Amino acid sequence: DSEMEKAVHFAARDVVPADIDEMVLGWSRVGSQPHMATDHTNAATLAEEPNAPLPTSDGPAPVFITAAPKDIVARYIAVFERMQIMLLALEVETFPLARSLLHSAAPSTLLVDIGSRATTFHIIDGGIPRVSHTIDFGGYDITLSIVQKAKVSEDVAENSKDEKGLLAEQDEAIRSAIEVAVSRQVEKAKDLLGLYEKKENRRIAKAVLIGGGANLKGLSDYWSRGLEIQTTVGNPWKGLSYPQKLEGVLTEIGPRFGVAVGLALRGFTHVPL
């Protein structure tokens, strides 16, 4: 245990694509308490819970590493200090997303966070983040695909994408352009799942889409067919209490609030889903 901190920093140089000396590293041992369980308990409780034991053999000890540039971390800290707000924690997006969308007993899941310019894949297994991988391809690239292949303006492409998505009533040329773009994301996800499942000898049970790009109509059905596993749009409000009259608007904006809700839940008693 006394050597783990140095060992992790040394090994991190092989997997973090940046200068380690310019990064703030966080790590946890795979097999210890899932983050979305431990961060709902107080410090006294955590002190009583031992970490998972290190392997007794000479094999590697699996750890999950997070890394953030020091200048970005310092910027956040400075903002909170100037606003005179107590900063409790900084997290990479994997953990709040898992906290708001899953729970410790959830089956192994692929979280797909679709933003405007990037898509990030998170594999959460047994409540523990195992893999995060980002590609520079998001919702805006789908719009560009429509512009280039359907020969329409960017405004028309964006409106068509938002209004009809991949539904049957969509213009055939536009739907085809969307499918060509989305298939790139699906194929990357399949490659990632294939590598993980081969290494761990276990199947990923389901996929959850989140982020602004998850609102594309018909997208979850397309992903279900492409991955051949159940795929749904994430609902970060599940298990939370809110006025019934807000359900419609919350359902619509929900995919954009996965990280925010997950951060808000940090420190609260875990809500069973």
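Visitor: Which residues in α6 meet which in α7?

Guide: Contact means heavy atoms within 4.5 Å. Here Gly139, Tyr140, Ile142, Thr143, Leu144, Ile146 and Val147 in α6 meet Glu154, Ala157, Glu158 and Lys161 in α7. By class, the residues of this contact are six nonpolar, two polar and three charged; Ala, Val, Leu, Ile, Met, Phe, Trp, Tyr, Cys and Pro count as nonpolar, Asp, Glu, Lys and Arg as charged, and the others, Gly among them, as polar. Keep in mind that the model is predicted: local features need pLDDT of at least 70, side-chain atom pairs count only at pLDDT 80 or more, and totals for chains, interfaces and linings use all residues. Numbering runs from 1 along each chain as its sequence is written, and side-chain values use heavy atoms, with hydrogens and water left out.

Visitor: At what angle do α6 and α8 pack?

Guide: Two packed helices are described by the angle between their axes and the distance between the axes. Axes are lines fitted to C-alpha atoms, for helices over the stretch in contact, and angles run from 0 to 180 degrees between N-to-C directions. For α6 and α8 the angle is about 135 degrees, with axes 8 Å apart. So α6 is oblique to α8 (under 35 degrees is roughly parallel, over 145 roughly antiparallel, 65 to 115 roughly perpendicular, the rest oblique). Their contact divides into 10 nonpolar residues, two polar and one charged.

Notes: Helices (H or I, at least four residues) and strands (E, at least two) are DSSP runs, numbered from the N terminus.
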